[in-house]
Amino acid sequence: MRPEEGYWQDFLCDFHHRQRQQAVKKSGLVRGLGVFSTWLSDLGPAKWAYTAGLAYASITAAFLLMPKEPQMESLPAAPVRHEVVPAVPAAPVEQLGELDLRPSAQGTLGEQSF
Amino acid sequence: MEDFAWLLRRVLQRILWVGVVAFPFCGVVLAQAVAVSPRWSVSFAGSEVITTASPLADGSMLVTVLPAGASPANVHLKRGNVDLAVKWSACDPVSRLVFLAPEEALEVRCPQWIGRARDVMGEAYVCSTTEGILKGVNEGWVKQRGEKVLPFALLRVSFDQLVPPVGTPLLDEQGRVAALLFQGADKGKAAYAIPAEAVLRVQQDIASSGKWVRGWLGLTLRPENQAPIVVKVAAGSPADQVGICPNDILLEVGGRVVTNYPDAANAFFYLSPGRPVRLKFLRGSQRWEITATPILAARE
């Protein structure tokens, strides 16, 4: 049984229409990768030369952009003069028992009970 | 011309209103100043210093300050130039306050005393002396002199002209007694003053038992420590009974904020035996709040 006239024509149109729809649905990155891989396949043996050049440029850029350590200038060694000073003991704090502001007033040292 | 007359009338009205408001206020303060001083003067055996005495709020007695080196045994009271017989007198050795009751009634409108000192640096005071009305300014608390911690905090007051006599009451802007002049400061026109609340605290004990009695909680602190850290707690003491432990750091005693040892010494001065006091302290990283009731200190 043969198909009706124009069946194959309609089938082909429908097939192309669906193919275009699927291509539109693909993300930009995937599409770009597809275009790039197609372009690369079309290059033939020259693709290896392009790839090697790209890798060389990447390594050179990374080397130039790498942060450098700060330049430390070492000073000439010199002897240091120092002396050990004994710590000044803190003055003892007295608790005055009476409100006597004269310098001679004597208080009590040490623990105070309240 | 009409405008000028209108303006003049407005200015006169303003001046009249300011006068109406200011006159009673100034009158009250000055009347209080004259009422409390310098009617009474006190001299002590062994001292040439003549102090001023002030009536206390209840009119029961006068209070003055014992000058350094003077003996409280022989007290001579004068009202103006007239000698007055003293019924009894009592001296508190800690605060050096002398309370005395004359034979005859005071018969004077007694000033109000501030029960709790306000922490107002820059507050203005006035006082009446034989030299006239003097003005002073509160310069803040003095809790320590050099390496010596005072039994309680004094106020430092600077005066614009002269330092008034010892015992002179310093009145605030409402005519209430805020402090009693203790003695002149080392230099300049400044002096130390006993806050009114310290006078009232001592008077409370003098009136009931004849001497100031210390309230004791059983906490031990070291003056050398910057922070008010509890070093020891006496076994069975009020502090022990409410669960205070060594290494607790005091934050507040009886509503007085405590940040160092002199603050704590000042706050403990106001404790009364048998009167519960609220304590806030830090244990580790936690704040605690308890109420303890001081007892009579053993040495009293």
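The model is predicted: local features need pLDDT of at least 70, side-chain atom pairs count only at pLDDT 80 or more, and totals for chains, interfaces and linings use all residues. Residues are numbered from 1 along each chain as its sequence is written, while chains are lettered from A and ligands numbered from 1 in the order in which they are written.

In the interface, 19 residues of chain A are in contact with 25 residues of chain B (contact: C-beta atoms, placed from the backbone, within 7 Å). Strand 1 (94-95) and strand 2 (112-113) of chain A each supply at least two residues of the side that touches chain B; strands (E, at least two residues) and helices (H or I, at least four) are DSSP runs, numbered from the N terminus. That side of chain A has nine nonpolar, five polar and five charged residues (nonpolar: Ala, Val, Leu, Ile, Met, Phe, Trp, Tyr, Cys and Pro; charged: Asp, Glu, Lys and Arg; polar: the others, Gly among them).

Strand 2 of chain A runs antiparallel to strand 15 (residues 219-221) of chain B, and two bridges join them; two strands pair if DSSP finds at least two bridges between them. A:Ser113 has B:Thr220 of strand 15 as its bridge partner.

B:Arg96, not a glycine, has a positive phi near 65 degrees. B:Arg96 is found in the loop between strand 6 (86-92) and strand 7 (97-102) of chain B. With 23 other C-beta atoms within 10 Å, B:Arg96 is buried (buried: 20 or more such atoms, placed from the backbone; exposed: 12 or fewer; partly exposed: in between). B:Asn247, also not a glycine, has a positive phi of about 80 degrees and lies in the loop between helix 3 (238-241) and strand 17 (249-253) of chain B. B:Asn247 is exposed, with 10 other C-beta atoms within 10 Å.

Key:
Two residues are in contact if their C-beta atoms, placed from the backbone, lie within 7 Å.
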